[in-house]
Amino acid sequence: MSEIIHYNARVLVADAKKALLMRNAGNAVNIMLEVEEVMQAPPNGPTRDQGTDRPGRTASGSRRSSLGNADLHRLEEERFFCSVVEKLQSVCADNDVEKLFVAAPPKALADLRRAMPEALRKIIVAEHAKDIVHLPLSEIEKYFAS
C-alpha cells in the first residue's frame, strides 16, 4: 500500500453485517488503531423467511401481471449501510476528520459509496476491496501498515 495513514486519520472496515470505525492513535510509521465504534446489523435472514406475501399485481386495460417481490434481505443491508454512513458523517463532522480509509468486500464497498454523500466521499484517501472486518485488530493494523 502506498497510502500513509497519519495520526488521527479514520479507518472504516465493514461488510454487510459489521462495521468498525477506527482512529489511528499512532503515527504513519507505527499504526495503532483504536476502535471508536462497532456497528452490527440486526439479524437478516433470507428474503423467503422475511416475507410471505404474494407479489403485487398491476392492470393495464384488459391485461394483468404480477410485480416482482422485493428483496427484503437486500433492503436490510442497504439500511445498515445507511446507518453506518450516518454515524461516519457524525464522527467526521464532530472531529474535523480530513482523511478516511475504507476497506470492505467489493459489493459492500459499492453499497457504501452509493450511501455516502459527496462531502464524505471527498475525504476518502483510499478504498480497499478486501474483507478484513473479522480479523483481529493487530491483523487489520498489519494490513494497513504493509
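Which residues make the nonpolar surface patch of about 210 Å²? That's V35, V38 and L137. Keep in mind that we're looking at a predicted model here.

Let's start with V35. You'll find V35 in strand β3, which covers residues 33-40. V35 is partly exposed, at 40% relative accessible area.

Now, stay on that strand and look at E36. Its side chain meets the one of R10 in a salt bridge, 2.9 Å from N to O. E36 sits in β3 and R10 in β1, residues 10-14, so this pair ties together parts that are 26 residues apart in sequence.

The structure holds 10 of them, and I'll pick out a couple around helix α3, residues 106-115.

K107 and D111 pair up at 4.0 Å, N to O. They're 4 residues apart in that helix, so about one helical turn separates them. K107 is partly exposed at 48%, but D111 counts as buried, because its relative accessibility is 5% and the cut-off for buried is under 20%. Those two also belong to a salt-bridge network with E77 and R114.

Last one: R113 and E127, whose side chains form a salt bridge at 2.9 Å, N to O. This pair links distant parts of the chain, with R113 in helix α3 and E127 in strand β7, residues 124-129, 14 residues apart. Both count as partly exposed, R113 at 35% and E127 at 33%.

How values were computed:
Residues numbered from 1 in each chain as written. Predicted model: local features only at pLDDT ≥ 70, side-chain atom pairs only at ≥ 80, totals over all residues. Heavy atoms only, no water. Patch = residues over 30% accessible without salt bridge, like charges linked within 9 Å, V, L, I, M, F, W, Y side chains within 5 Å. Areas by Shrake-Rupley, 256 points an atom, 1.4 Å probe, with all protein chains shown as cover. Helix = DSSP H or I, 4+ residues; strand = E, 2+ residues; numbered from the N terminus. Buried < 20%, exposed > 50% of the residue type's maximum accessible area, 1.4 Å probe, protein only.
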